[in-house]
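Thanks for passing this one along. Here are a few notes to read with the viewer open.

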Amino acid sequence: MTRRDEIRMTDAEIRAFLRAQKTIILSSIGPGGVPHPMPMWFVSDDDFVVSMATFRGTQKIANLQRDPRVSLLVESGREYAELKGVVIYGSAELSEDPDAIIATLKAASQKETTETDAAKRRAADAGMQKSASKRILIRVKPNRILSWDHSKLHGAY
């Protein structure tokens, strides 16, 4: 067994890790082939499909329209023994479906939230409804997934 095998997460661990994180780094291919990494709020499903919504006129959307290949990175931990991460390689699909955009915005915004004020939630929902027509959904189906969890080394570096 290699060191890589020792730290690889199981599918269940990857799912749990993705559901616990709010921000993912979306790296698209910018003009001239230069990587364009951007933080995005996201949601993921049981098949590791990642969904995000953003404004239509952004550089990342122009990049994805030109070349849909992406890599996604979610990571956590400050000390070596705490480092965890998932990299997803795939192709982005864009959708203008307003219901899917709103559902993704709501689900992503509610991750890690303890918001209990109903009035604030209604205001946030109204803002999402209002801006949905200016947004586009990015959905990434994975071609390859890499993962690591250094806590599995139990302090052995």
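**Notes on the model**

1. Before anything else, please keep in mind that this is a predicted model.

2. Which residues of H2 are buried? They are Ile14, Phe17 and Leu18. These residues span an arc of only 95° around the axis, which places them on the same side of H2.

3. S5 and S6 run antiparallel and are joined by eight bridges; if you want a pair to display, Leu73 has Val87 in S6 as its bridge partner. S6 also pairs with S7, again in the antiparallel sense, over 12 bridges. There, Leu94 stands opposite Ile138 in S7.

4. Now have a look at Asn63, which sits in helix H3, residues 59-66. Is this residue buried or exposed? Asn63 has 0% relative accessibility and therefore counts as buried.

5. What does the side chain of Asn63 pair with? A polar contact of 2.9 Å connects it to the side chain of Ser28. Leaving aside residues up to four places away in sequence, Asn63 touches Ser28, Ile29, Gly30, Pro31 and His36.

Key. Residues are numbered from 1 along each chain as its sequence is written. This is a predicted model: local features need pLDDT of at least 70, side-chain atom pairs count only at pLDDT 80 or more; totals for chains, interfaces and linings use all residues. Side-chain values use heavy atoms; hydrogens and water are left out. Buried means under 20% relative accessible area, exposed over 50%, partly exposed in between (1.4 Å probe, protein chains only). Helices (H or I, at least four residues) and strands (E, at least two) are DSSP runs, numbered from the N terminus. The arc is that of the directions from the helix axis to the C-beta atoms. Two strands pair if DSSP finds at least two bridges between them. A polar contact is a pair of N or O atoms within 3.5 Å; within protein, one must be able to donate a hydrogen and the other to accept it, and residues adjacent in sequence count only if both atoms are side-chain atoms. Contact means heavy atoms within 4.5 Å.
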